[in-house]
Amino acid sequence: MKDGQIIDHLFRHQYGKMVSILTRIFGLSNLEIIEDAVQDTFVNASLKWRTKLPENPEAWLTKAAKNRVVDLLRKIKADQNRITHFNNGPSSLLLNDLFLDHEIEDSQLRMIFIACHPTLNPKDQIGFALKTIAGFSTREISSALLLKEETIKKSLIRARKAIKENDLSFEFPEKQYIPQRIERVLEVLYLIFNEGFHSGKKEMLIRKELCGEAIRLCKMILKKEMFRTSSGYALFALMCFHSARLESKVNDQNEIVDLKNQDRSKWYQPLINLGNDAMIKSTSENKINTYHFEAAIAAEHLKAKSFEETNWEKILHLYQSLSELRKIPINQLNIAIVLIQLKNYPEAYIQLMEINPKKLEQRAYLYHASMAEYYKVTKDKKKAIEAIDKALELVKNEAEKNYLTKKKANIISGEPV
Amino acid sequence: MKDFMMIFIGEDYGALGLSQEELQQRMGKWFAWNQKMLDAGIVKDGHALHANAKKIVGPDRVVSDGPFVESKEIIGGYYIVSAESVEDVYEIAQDYPDYDLGGAVEIREIVVFQQ
């Protein structure tokens, strides 16, 4: 390792691992002390490794974590019984076992379930997961979730408090609760992924990391047989399909490139293959949920060699099935957009009229942008401009605003986008 | 050739609350700089220093615990390099990774006693 390069995100990933292992040893009640101690280990490593990297950085960090355990043992006096338990005789063997790869993953999975525990406020779960499992700092979480750092700090405090007050133990859920608990875990991963995939406001780097983390954690869940579900596979497929074209969504000038104008040769084939593989596995049970449809829609887009060759009929059908399972305004809006592509303008209009844009909350501008598109293709320039102005009024994010401004210019000039 | 000490002054990484990702990047930069100096054959010695300090003062040799300076002025480490002149050391010090964190490099020539 001559150039001082170590595996990307090694520190971050190692942080998540160590916090999980140490939590398994010392219990969730000591989480805060553990996180501080692990943080110290990395500050030390960053000083020690300035001139020479250890032979195996990962092993070095693991060893440092072990030493840290001993330090902690001295510091946490309240937990005396536990300490003797780990210090003496055969249990010290047990301690070493916890640092084996499969046990590390086991510890991390436990932490995922804690992060998604029903006693935690759903709003706090994502931040807590990013901090504790993915090793993001509060500053990184705040830029990832577009929330103030102070808000994140409070959210983390609330999550830790909920863990303490409910005296959660660092165990997997009992068997009968696994199906419902795993659903929430997948949902949180889905939300983390969407934070990365859908926001044009964030830097590409942070978006990639969010998507990457969601995929990594989803994979970890699928590796463990007792947590493997068809919806887990479908979610994994969905993430792979979307990620395959993440990079082509933005051009070099950091401008949004819509599906129509994306360079399809840049779509990343290995991820598409992974997604296809997961898609097959996701149909082994006869259960179909929203992830299946969302993944199928994404796959359909990937299949088309050009925008013009998109099978809109099939996509419409999939969106309709999705909407039946989950009748939310964004799904209905998508149906309307597809109907416009199919040139079924009267039906598109009916759909659009049924939507209450306020229910789309921060995405209400998408509704008005779609209205603008509708009026544009039905040649009502005046109304199209009115609608696009409304969209421009509501949109917050700079890149999207630029995109809509261009669209407005197109409406005025009458040229295709 | 003369020997110079580059003394690094700034806030402790721990106190700055750097993230794992940032720590790893910082470390990579330090590593690259060190490598560059090694390749040029100019570096003689150098170490990072822990932030905690002890001080022994006065005829009674009273020991006290640090820190003794403002947190932004902690000496975080040093290098001893060989160079023709202090101007050459300015050049070397351009690669110091922590200017953006408010860090500074102090350059001092090492005194050589005549035989």
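**Close-up views of a predicted two-chain model**

View 1. Take the contacts in chain B between residues at least 6 apart in sequence: 79% of them join residues at least 24 apart. This is a predicted model, and chain B comes with a mean pLDDT of 91, with 100% of its residues at 70 or more. Three helices and six strands make up its list of elements, and reading from the N terminus the order goes β-α-α-β-β-β-β-α-β. The C-alpha trace of chain B spans about 50 × 40 × 20 Å along its principal axes. Of the 115 residues in chain B, 36% are buried.

View 2. Zoom in on two elements here. Helix H1 of chain B (residues 13-16) has the lowest mean pLDDT among the elements of that chain, at 84. At the other end sits strand E6 of chain B (residues 104-109), with the highest value, 97. For the complex, the predictor gives an ipTM of 0.82 and a pTM of 0.83.

**View 3. The second largest pocket and its lining.** This pocket has a volume of about 820 Å³. Its lining is made of 30 residues, and the ones nearest the centre are A:His9, A:His13, A:Gly212, A:Glu213 and A:Arg216. Which helix gives the largest share of the lining? That's H11(A), with ten residues. Helices H1 (10-26), H6 (101-115), H11 (204-223) and H12 (230-244) of chain A each put in at least two residues. By residue type, the lining of this second largest pocket splits into 14 charged, ten nonpolar and six polar.

**View 4. Cysteines without a bond.** How many disulfides are there over all chains? The count is zero. Start with A:Cys116: its closest cysteine sulfur belongs to A:Cys218 and is 12 Å away, so the two are too far apart for a bond. A:Cys240 is in no disulfide either, and its nearest cysteine sulfur, again that of A:Cys218, lies 8.2 Å off. A disulfide would need the two sulfur atoms within 2.5 Å. A:Cys116 counts as buried, at 2% relative accessibility, and A:Cys240 is buried too, at 0%.

View 5. Buried or exposed: which is A:Thr41? Buried, with a relative accessible area of 5%. This threonine is found in helix H2 of chain A (residues 31-48). Leaving aside residues up to four places away in sequence, A:Thr41 touches A:Ala64 and A:Arg68.

**View 6. A positive phi at A:Asp167.** Phi here is near 50°, a positive value in a residue other than glycine. A:Asp167 sits in the chain A loop between helix H9 (149-165) and helix H10 (178-198). Its relative accessible area is 64%, so A:Asp167 is exposed: the cut-off for that is over 50%.

**View 7. A positive phi at A:Lys343.** Not a glycine, A:Lys343 still has a positive phi of about 60°. Where does A:Lys343 lie? Look in the loop between helix H16 (329-341) and helix H17 (345-354) of chain A. A:Lys343 counts as exposed, at 61% relative accessibility.

Note on methods:
Residues are numbered from 1 along each chain as its sequence is written. Chains are lettered from A and ligands numbered from 1 in the order in which they are written. This is a predicted model: local features need pLDDT of at least 70, side-chain atom pairs count only at pLDDT 80 or more; totals for chains, interfaces and linings use all residues. Side-chain values use heavy atoms; hydrogens and water are left out. Buried means under 20% relative accessible area, exposed over 50%, partly exposed in between (1.4 Å probe, protein chains only). pLDDT is the predictor's confidence in each residue, from 0 to 100. Helices (H or I, at least four residues) and strands (E, at least two) are DSSP runs, numbered from the N terminus. On a 1 Å grid over the protein atoms alone, a cavity is a set of points where a 1.4 Å probe fits but cannot get out, and a pocket is an open set with protein on both sides within 12 Å along at least five of seven lines; lining residues have an atom within 4 Å of a point. Grid points are joined across faces, edges and corners, and a volume is the space filled by probe spheres set on the points. Ala, Val, Leu, Ile, Met, Phe, Trp, Tyr, Cys and Pro count as nonpolar, Asp, Glu, Lys and Arg as charged, and the others, Gly among them, as polar. Contact means heavy atoms within 4.5 Å.
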